[in-house]
Amino acid sequence: MSGDKINSVEELRRLAEKRLQKHMQKVTAPASLAELQRIVHELEVHQIELEMQNEELQQARSELESFLVQYTDLYDFAPVGYFTLNISGMILQVNLTGARMLEVDRSRLVNQHFLRFIAADSRPVFTAFLVKIFSSHSQETFVIELQKEGGGTIYVHIEGRVCKDGRECRTALIDITAQKQAEELLQESERKYRTLFETMAQGVLIYGQDGKIISANPAAERILGLTIDQIQARTSTDLRWRAIHEDGTDFSGETHPSMAALRTGKAMHNVVMGVLSPKTDRYVWLNITAVPQFMPGEDRPFQVFITFEDITFRKRLAVYNKLTAREKEVFKLLAKGLGRKIIAELLNIRPKTVDKHRENLMEKLSLYEKEELMLFAMLIGLM
């Protein structure tokens, strides 16, 4: 409009009339009545066209205003905090969720530096984020700790992208405080579990679905007389265990508590088994509990958790309590380190009888060394 500025409807009408006057000066009078009627018709058609265009514009404006309201609602009440920052980290715009995260009124956040709400340990990360995102124009994500104005902190996951003009950065903040706390609780739980696993007196073995040993604790290594590598090289059906029942019969691998728990999905309790320790070449007696572990929604175990205790001393004591009075007398004198002839004189028996008693005691109690015999005597209070 030749540089004229329109400030109101009246101003628009005045300019339109002015332009019409200029136009009419150039227009010659119609040559006939027919020509005049044609011009009037064209003006009427043009008027209707303008009215239709105006209706479309009004409808478009109404839709635009509706979209604007919807966008504002989505922006302000989204579960994500939205911040628009400049290259120095100044807050240019923020939604209501973002303001609530920091517990600050939105009007007070604008033109504040975002860095003031970041915990000291996270500030270098945020500074590096700004430098990288404005230099590379790439989308970046990271996790930082924010300080609320009213006290307390929250952890947020930030995702940012620079606008096309490269002058602003739009960031989305998701509160992951609950997730972070859950992770910390899980780590603490795992730490406690690991401490218990490594320090408990009972042996622990974890069997996989294929029957192979996945893990073993230090107590299991000590009780079984094997290293972790040697244990993991065996399965429950490995013949090197030389597993036996209490009556001395072989303990088949398929009836091993771990295999039974995997097969049936049921826990096995108080299973007594003897296994040969390669370290001492003696049998170690174990009381075993096998508990199958299930994935959520699954009815087949994915692993078995085995705990066992060394009951060798308990079984040996039970055998000792069943000895005859004479056998106990011989045992006590042997534990004191007395020789066969002295024991024979004290008990008024022959030395060969002492030798026979000694042989039977060693077999019954599985005590083949003098030091083992003396240690057992001390444990049961004879020494």
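1. With a relative accessibility of 19%, Ser215 counts as buried, because the cut-off for that class is under 20%. This value, like the others in this note, comes from a predicted model. Ser215 belongs to strand E7, which covers residues 213–216.

2. The surroundings of Ser215 may be listed next. When its neighbours within four places in sequence are set aside, Ser215 is in contact with Phe197, Val204, Leu205, Ile206, Ile228 and Gln232.

3. Helix H14 spans residues 370–379, and its buried residues are Leu373, Phe376 and Ala377. Viewed down the axis of H14, these buried residues fall within an arc of 100°, and therefore line one face of the helix. The spacing accords with a general rule: an α-helix has 3.6 residues a turn, so residues three or four places apart point the same way.

4. The buried residues pack against helix H10 (312–321) and helix H11 (325–335). On the other side of H14, Glu371, Met378 and Leu379 are exposed. Gly381 follows H14 and has a positive phi, near 85°.

5. As to aromatic residues, the structure holds nine aromatic pairs. One aromatic cluster is formed by Phe83, Phe114, Phe126, Phe129 and Phe142.

6. Charged side chains also sit over aromatic rings. The charged end of Lys180 lies over the ring of Tyr155, at 5.3 Å from its centre. In a further case, the charged end of Arg234 sits over the ring of Trp241, 4.7 Å from its centre.

How values were computed: Residues numbered from 1 in each chain as written. Predicted model: local features only at pLDDT ≥ 70, side-chain atom pairs only at ≥ 80, totals over all residues. Heavy atoms only, no water. Helix = DSSP H or I, 4+ residues; strand = E, 2+ residues; numbered from the N terminus. Buried < 20%, exposed > 50% of the residue type's maximum accessible area, 1.4 Å probe, protein only. Contact = heavy atoms within 4.5 Å. Arc of directions from axis to C-beta. Phe/Tyr/Trp six-rings, centres within 6.5 Å; stacked < 30°, edge-to-face > 60°. Lys NZ or Arg CZ within 6 Å of the ring centre and 35° of its normal.
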